[in-house]
Amino acid sequence: HSRPHRGFIFQNDETQDSIVQGFTVKQGVARGHSTDAQGGGILVHFASPTIRHCIFWGNRTGSNGSGGGLCLKESNATVTDCIFMGNSAGHGGAITCQTFSNDISNCLFVNNLAVEGGAISCWEAWITLSNCTFADNVSGFGGALFYSEANISVLNSILWGNKPDQIQRWFGVHTVAYSNYM
């Protein structure tokens, strides 16, 4: 067992001017209870950074944790041009979004694993996903995306080969437009 460690933590009202760019965030681990079990690679809590041109690879939380690669909690973050592969968590193998609004664009999500939301899991959030590709992510509910009480827009994206299904919801609304959804 490796000890818990993350690549980055944002938790002091950092703005869009706080930028993580060009990093590979690899094999981060978040375990424990509450916030300790969130964001194996990066935890964003009460902050709104810009994350771009990064690779999130093999990060994880415990089975009760959220956001194997990235946890966006009470955040208005922007995530662009990133690759998320081989991350795992209880909720949101690659990303978990909890409350507030986040924009995620031009990202690749492949081979992520979770109990809920193989690639992304959202609660009480407003998320726009544009120009993203979701392939071969696996979850008990929502291979590409699982959400509850959220409003999700998927635009110009590809959802392919995610298991058991592409999108699963409990409550909320999602819109898929100009996308390849199979």
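## Aromatic pairs along the chain

Let's start inside this predicted model, at Phe84, which is buried with a relative accessible area of 0%. Phe109 is buried as well, and its relative accessible area is also 0%. The rings of Phe84 and Phe109 are stacked, because their planes meet at 5 degrees, with the ring centres 5.0 Å apart. Phe84 belongs to strand β11 (residues 83–85) and Phe109 to strand β15 (residues 108–110), so this pair ties together parts of the chain that are 25 residues apart in sequence. Both rings also belong to one aromatic cluster, formed by Phe56, Phe84, Phe109 and Phe134.

The model has seven aromatic pairs by the rule used here. Another of them brings together Phe8 and Phe23: their ring centres are 5.2 Å apart and their planes stand at 75 degrees, so this pair is edge-to-face.

## The nonpolar core

Which residues have the most contacts inside the largest nonpolar core? They are Ile104 and Phe109, in a core of 37 residues. Several strands each supply at least two residues of this core, among them β5 (42–45), β9 (70–73), β13 (95–98) and β17 (120–123). Also on that list are β18 (126–130), β21 (145–148) and β22 (150–155). The largest share, three residues, comes from β22. As general background, nonpolar side chains in soluble globular proteins tend to be buried together.

Leaving aside residues up to four places away in sequence, Ile104 touches Val79, Ile95, Cys97, Phe109, Ile120, Ile127, Thr128, Leu129, Ser130 and Cys132.

What lies on the covered face of β22, and what on the uncovered one? Ala150, Ile152 and Val154 make up the covered face, and Asn151, Ser153 and Leu155 the uncovered one. Side chains in a regular strand alternate between the two faces of the sheet.

β22 runs parallel to β18, and five bridges join these two strands. Here Trp126 stands opposite Asn151 in β22. β22 also pairs with strand β25 (residues 172–177), again in the parallel sense, over six bridges. Within that pairing, Ala150 has Gly172 of β25 as its bridge partner.

## A seven-stranded parallel sheet

Now follow an open sheet of seven strands, in the order β3-β7-β11-β15-β19-β23-β26, with parallel pairing. Its edge strands are β3 and β26 (180–181), each of which pairs on one side only. At the β26 end, strand β23 (residues 158–160) pairs with β26 in the parallel sense over two bridges. There, Leu159 has Tyr181 in β26 as its bridge partner. The sheet order also includes β11 and β15, the strands that hold Phe84 and Phe109 and are thus linked by that ring pair.

## A closer look at Thr50

Is Thr50 buried or exposed? Thr50 counts as buried because its relative accessibility is 9%, below the 20% cut-off. This residue is found in strand β6 (residues 50–52). Its side chain reaches the backbone oxygen of Gln16 at 2.8 Å. Beyond residues up to four places away in sequence, Thr50 touches Gln16, Ser18, Ile19, Val20 and Thr78.

Terms used: Residues are numbered from 1 along each chain as its sequence is written. This is a predicted model: local features need pLDDT of at least 70, side-chain atom pairs count only at pLDDT 80 or more; totals for chains, interfaces and linings use all residues. Side-chain values use heavy atoms; hydrogens and water are left out. Helices (H or I, at least four residues) and strands (E, at least two) are DSSP runs, numbered from the N terminus. Buried means under 20% relative accessible area, exposed over 50%, partly exposed in between (1.4 Å probe, protein chains only). A polar contact is a pair of N or O atoms within 3.5 Å; within protein, one must be able to donate a hydrogen and the other to accept it, and residues adjacent in sequence count only if both atoms are side-chain atoms. Contact means heavy atoms within 4.5 Å. Rings of Phe, Tyr and Trp (its six-membered ring) pair if their centres lie within 6.5 Å; planes under 30 degrees apart count as stacked, over 60 as edge-to-face and the rest as tilted. Two strands pair if DSSP finds at least two bridges between them. A nonpolar core is a set of buried Ala, Val, Leu, Ile, Met, Phe, Trp, Tyr and Cys residues joined through side-chain atoms within 4.5 Å.
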